[in-house]
Amino acid sequence: MLNAILVMAGIGLALGGILGWAAIRFRVQEDPLVDKIDAILPQTQCGQCGYAGCRPYAEAIAKGEADINLCPPGGEDGIKRLAELLGVDPKPLGEGLESKPKSVAVIDEDACIGCTLCIQACPVDAIVGAAKQMHTILPDQCTGCELCVAPCPVDCIHMEVVKEDLNTWKWRYPIFHMKKVP
Amino acid sequence: MENYFLIIVGTVFVNNIVMSKILGLCPFMGVSRKLEPSIGMGAATTFVLTLASGASHLIDTYLLGPDLSYLRTLSFIVVIAGIVGFTEMFIKKTSPVLFRVLGIYLPLITTNCAVLGIPLLNVQEQHGFVESLLFGLGGALGFTLVLILFAAMRERLDAADIPLPFKGTSIAMVTAGLMSLAFMGFAGLIK
């Protein structure tokens with residue numbers, strides 16, 4: 001009986017020691033702040049902030065290397081939420097970046113020559129088509145990042161503002177203007 | 001030497017842990033949807049199973065002996081859980097991608113009946129230390145082989161035109177049964 005208890009206690013102690021050593025030896029440094037920032041960013045992967053995607057931008061914000069106002073798809077709302085998370089003052093969107101209404105790219109299918117350049121540019125694989133075949137854009141997948149507009153050699157891609165209908169309408173954040181109370 | 005070779009061949013093909021002993025079906029069904037995670041799962045299980053069969057043989061021979069043999073299952077589970085915990089930390093450090101892909105199935109190796117079954121079979125068949133290690137390695141290699149074969153088949157099954165009532169897990173179960181029949185062809189390879 002005593003032997004059994006001793007043996008099990010010994011095994012438990014030995015394994016506990018090994019696991020404790022391993023927890024220190026194989027510790028992984030993870031910054032929970034990066035995940036939180038990344039969750040706020042719109043995940044368009046457009047690169048307009050100057051980083052390779054939303055995750056690298058989140059890492060740069062967490063390190064303090066980047067400002068919070070570089071993300072046009074996130075808009076004012078995204079900046080406000082980032083400011084809230086990080087405990088800093090919200091700023092207007094950075095220079096050269098403007099907040100636009102939500103829009104999607106549209107290919108003029110008569111002009112498309114099937115060069116596949118826009119397919120390679122699209123970060124979210126929202127363009128379907130093949131070489132020398134007409135391409136088209138899946139509006140549900142398009143994030144409106146405009147990366148496909150520049151590469152098109154025949155300028156057949158333009159941005160179209162998404163009209164508000166029952167499927168795209170979103171509840172607006174309430175904004176109250178401050179007034180002097182007499 | 002020939003004896004060792006026979007143990008490996010025997011556990012990989014003839015007495016395959018999944019196909020003929022029907023152990024370890026949870027990861028066999030759960031992680032075989034895609035080829036890449038199944039390779040990772042096979043590698044993790046191979047590592048755990050080989051270590052577990054060696055460690056449990058040492059514990060059974062030197063620590064428990066004939067007097068405390070009733071502690072066998074309990075102590076084996078404790079040792080396996082410890083080794084899985086160690087493997088999890090190791091993979092998290094060395095390959096975060098594999099860690100994310102394996103997800104919940106990595107801690108579930110603890111309750112994988114193949115991992116407990118092989119050390120118990122080792123005791124039952126009175127294997128020595130090297131034989132135990134080889135038996136564990138062979139069993140894990142057999143598990144990995146079957147898992148990869150099955151994952152490759154399921155990737156093709158996804159694209160195949162399957163009648164609606166058979167779609168998904170049911171056709172996978174039927175396929176697993178047919179694979180088991182095919183592995184019966186190896187019976188009699190080793191006397």
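Author: Contact first: it means heavy atoms within 4.5 Å. Helices (H or I, at least four residues) and strands (E, at least two) are DSSP runs, numbered from the N terminus. Now the ground rules. This is a predicted model, where local features need pLDDT of at least 70 and side-chain atom pairs count only at pLDDT 80 or more, while totals for chains, interfaces and linings use all residues. Residues are numbered from 1 along each chain as its sequence is written, chains are lettered from A and ligands numbered from 1 in the order in which they are written, and side-chain values use heavy atoms, with hydrogens and water left out.

Reader: OK, α6(B). What do its buried residues pack against?

Author: They pack against three helices of chain B: α3 (35-64), α4 (72-94) and α7 (129-159).

Reader: And how many of the 12 residues of α6(B) are buried?

Author: Nine, so α6(B) is largely enclosed by the rest of the structure. Buried means under 20% relative accessible area, exposed over 50%, partly exposed in between (1.4 Å probe, protein chains only). Among the buried ones are B:Leu116, B:Ile118, B:Pro119 and B:Asn122.

Reader: What is the distance between the end C-alpha atoms of α6(B)?

Author: It is 16 Å, and 16 Å is also what its 12 residues (113-124) should span at 1.5 Å a residue, so the two agree. The expected span is 1.5 Å times one less than the number of residues.

Reader: Which residue caps the N-terminal end?

Author: B:Asn112 does, with a side-chain oxygen 2.9 Å from the backbone nitrogen of B:Ala114. Just after the helix, B:Gln126 takes a positive phi of about 50°.

Reader: Switch to α4(B). How many residues does it have?

Author: It has 23. From first C-alpha to last, α4(B) reaches 33 Å, close to the 33 Å expected.

Reader: What do the buried residues of α4(B) pack against?

Author: They pack against α1 (2-25) of chain A, together with α3, α5 (96-102) and α6 of chain B. The buried residues include B:Phe76, B:Val79, B:Ile83 and B:Phe86.

Reader: Pick B:Ser75. Is it buried or exposed?

Author: B:Ser75 counts as buried, because its relative accessibility is 0%. The residue lies in helix α4 of chain B. Beyond its neighbours within four places in sequence, B:Ser75 is in contact with A:Met8, A:Ile11, B:Ile59 and B:Leu64.

Reader: How many residues of chain A are in contact with chain B?

Author: 15 residues of chain A are in contact with 17 of chain B. The two chains bury about 1,400 Å² between them, 88% of it on carbon and sulfur atoms. Buried area is the accessible area (1.4 Å probe) that two parts lose on being put together, summed over both.

Reader: Last one: B:Lys34. Where is it?

Author: B:Lys34 lies in the loop between α2 (25-30) and α3 of chain B. B:Lys34 and B:Ala151 are 117 residues apart in sequence, yet 5.7 Å apart in space, C-alpha to C-alpha. Not counting residues up to four places away in sequence, B:Lys34 touches B:Ala151 and B:Glu155.

Definitions and conventions: Polar contact = N/O pair within 3.5 Å; in protein donor to acceptor, adjacent residues only side chain to side chain.
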